[in-house]
Amino acid sequence: MTWFKLLLTASRPAAPGLLLAVLAGIGAAGAAVGLMATSAWLISRAALHPPVLHLMVAIVAVRAFGIGRGVFRYAERLAGHDAALRVLGRLRVRVFDRLTALAPAGTAGFRGADLAQRLSADVDAVLDMLVRVVLPYAVAAIVGLGSVLLVGAMSPPAGAALAAGLLVVGAGVPLLQSAAARRADGRLAPLRGGLATATVDLLHGLPDLTAYGATPAQLARLAEADARLRRAEQRSAAAAGTSAAVTALATCLSLLAGLAAGAVAVRSGALHGELLAVIVLTPLAVYEAVAGLPVAAQRFAGARASLRRLAEILSAPDPITVPRVPAPLPIGAEPADAGLPGAVGAAGGSGAFGVSGAGGASGSSGASGDFGAAGAGGAPGAGGAGAPGASGAPGASGAPGASGAAGGGVARSAYSPAILVEGVSASWVPGRPAVRDVSFELPAGARVALAGPSGSGKSTIAALLVRFLDPTAGRITLDGVDLRRLDPDDLRRIVGYLPEDAYLFDTTISANLRIARPGATDAELRAALGRARLLDWIETLPDGLETFVGEHGMALSGGQRRRLALARALLAGFRVLILDEPTEHLDDETAAALTHDLLTAAGDRTVLLITHRTDVAAQVDRVIDLTAPAPRAVPELV
Ligand SMILES: Nc1ncnc2c1ncn2[C@@H]1O[C@H](COP(=O)(O)OP(=O)(O)OP(=O)(O)O)[C@@H](O)[C@H]1O
């Protein structure tokens, strides 16, 4: 998408308002020109002492133009800003929507502070483009043309002098200016983004920089970014100053030329002496209308650069493909109502996925020797008797909700989906695979640990399961339905990802929890906190649920932060929970206790526990090891 197309599409809904602003602008500038021309004639005529009645029309016209100029100017500002602010608001929402669709995989190429800059300053540049570039140019072009015709009708040479002056000020000076400062003006927005990024980096990394004595070097980088921005601003300001001087010079020369042409015309008798003042003074008002054009041209370069940066976001490739007509979530795969075990009905109508073709297909894959141990009965449709996965598997019984009773291995009182990962490869950056040919199964209601060395792709698998990313090869199915056929928002209502660094907002415990479910009552919050084993501690706090957690949850310990994030996930009612390194950086004893609590709190949900720890094997149904080329299942489901 080009910057121009972006501007057109963004402004189209506000076109009537913008047109009204242009008309009002023409009215205001036209009234200024009319005021100057009429008063010039009135002064000249009055000097000859005619009967006052001969002046009455001109006197009324002067009043009308004087009042009209103010009224039209007000209407122009009102209509122009109203339309531009509407465009700006819509564009900001559009950019934000796009960012949410891109994040996190699609925004990997952008830097955080720079994105913030694009979302704020660059979107604001649309206001500049419409109100300070498009509007003044449209008004100046029409009023300038009308004035040249008016003056030209009285004295063609004076009209030609005015036209030449207007061309110099309205077109020549801006062209010269943009040639002189194009690079500087175009670089202002990216340089501001770079400075914001360097500042945020410095602030966030200050403790580490101080510890390593690297603050001076980082400060030097910041100073360098600042200096580059200052140099660009200076070049831009120098070009603007030169333009202002050239504009003033061109205006004076054009006025003098008009005066000379008018004087010659009066002398030769071609022009009545009363009109000489009109020819000389009218251009003053016209130049007022075009005087802002060099600045407008300068703003144009900056605003165009900003629009290009926004177009980059809007046309960034989709990290995932959203189907035009998404498949419905498998019946029964609705989020739990209160995030509590048993709150979800036992998957009524579940027979639907008993007949699902995809379920059948995955069944054959589950039974394959690839991960036979893991797949024994666990794969949807594989039909292994007695294995927990089989019990809930669509193909096995066609009634997932009934599985708890049938399976025996993993007691489930509510529906939990099964997930099958088949020969999946994926990359964050094209050509750099993060996981290759990974296959494993997450049977319904099972707790599976995903282990492997750092960088082996565990978090990438989690990102694939919530469709932050799509596989480049292979497929992932949820109860037999390929994830790519589902709406990602639907999917994320039932598959919850709890990253290692789950974000806590700088607000109260209750507000952090209600992000998952805005309508949750205090009792529901307490229930979720109780299940995350955090309630006892919270009850000891003077402000209880209304205690502030600080920026990034700094007022909580690492373990408390994770428990609070878990309580939020429980409250959301996900039916599959992906816990990414929930015990990282905790001592062994606390880690074991937290893992136990997390798994207990997860209740009947399907859980994928990403971990480096080797001691979780006893607490889960199986461990998938990503180290091996094709992950192995250790040990078998109990
Ligand atoms: N957002 C991202 N953008 C680009 N590359 C990424 C991104 N996230 C991960 N990668 C790359 O994908 C590969 C796998 O990373 P991933 O985080 O999945 O591994 P991991 O097993 O979870 O590691 P760890 O145990 O250290 O968290 C790495 O080479 C990493 O550089």
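**The ligand and its setting**

Tutor: Of the 638 residues in the chain, 47% count as buried. This is a predicted model, and the chain holds 22 helices and 10 strands. Of the contacts with a separation of 6 or more, 75% are accounted for by residues 24 or more positions apart.

We may now turn to the ligand. A shell of 13 residues surrounds the ligand, and the closest are Trp 428, Ala 434, Ser 454, Ser 459 and Thr 460. H16 gives the most, with three residues.

Strands of a sheet pair through backbone hydrogen bonds, either parallel or antiparallel. Here four strands form an open sheet in the order E2-E1-E4-E5, with antiparallel pairing. Strand E2 (432–442) and strand E5 (481–482) each have a single partner strand and stand at the edges, so one side of each is left without a neighbour in the sheet. Seven bridges join E1 and E2 in the antiparallel sense; in E2, Val 438 is the bridge partner of Val 424.

Helix H16 leads us to a loop. Arg 467 lies in the loop between H16 and strand E4 (473–478). Most residues other than glycine have a negative phi, and most peptide bonds are trans. Arg 467 is not a glycine, yet its phi is positive, at about 60°. Because 23 other C-beta atoms lie within 10 Å, Arg 467 is buried. A positive phi near 60° is also found at Arg 533, in the loop between helix H19 (522–531) and helix H20 (535–540). Arg 533 counts as buried because it has 20 C-beta neighbours inside 10 Å.

Another pair of strands deserves attention. Strand E6 (residues 495–498) and strand E7 (residues 576–580) run parallel and are joined by four bridges. Leu 498 stands opposite Leu 579 in E7. In a regular strand the side chains alternate between the two faces of the sheet. Both faces of E6 are covered: Val 495 and Tyr 497 are buried on one side, as are Gly 496 and Leu 498 on the other.

Beyond its close neighbours in sequence, up to four places away, Val 286 touches Val 33, Val 143, Gly 144, Ser 147, Leu 162 and Leu 166.

Finally, an unreviewed UniProt entry places the feature "transmembrane region" at residues 52–72, 134–154, 160–181, 237–263 and 275–297. In the model, residues 134–154 are 100% helix and 0% strand, with the end C-alpha atoms 31 Å apart. Residues 237–263 are likewise 100% helix and 0% strand, and their end C-alpha atoms lie 39 Å apart.

Definitions and conventions: Residues numbered from 1 in each chain as written. Predicted model: local features only at pLDDT ≥ 70, side-chain atom pairs only at ≥ 80, totals over all residues. UniProt positions renumbered as here; feature names shortened; annotations may be inferred. Helix = DSSP H or I, 4+ residues; strand = E, 2+ residues; numbered from the N terminus. Near = placed C-beta within 6 Å. Contact = placed C-beta atoms within 7 Å. Buried ≥ 20, exposed ≤ 12 C-beta atoms within 10 Å, placed from the backbone. Pairing = 2+ DSSP bridges.
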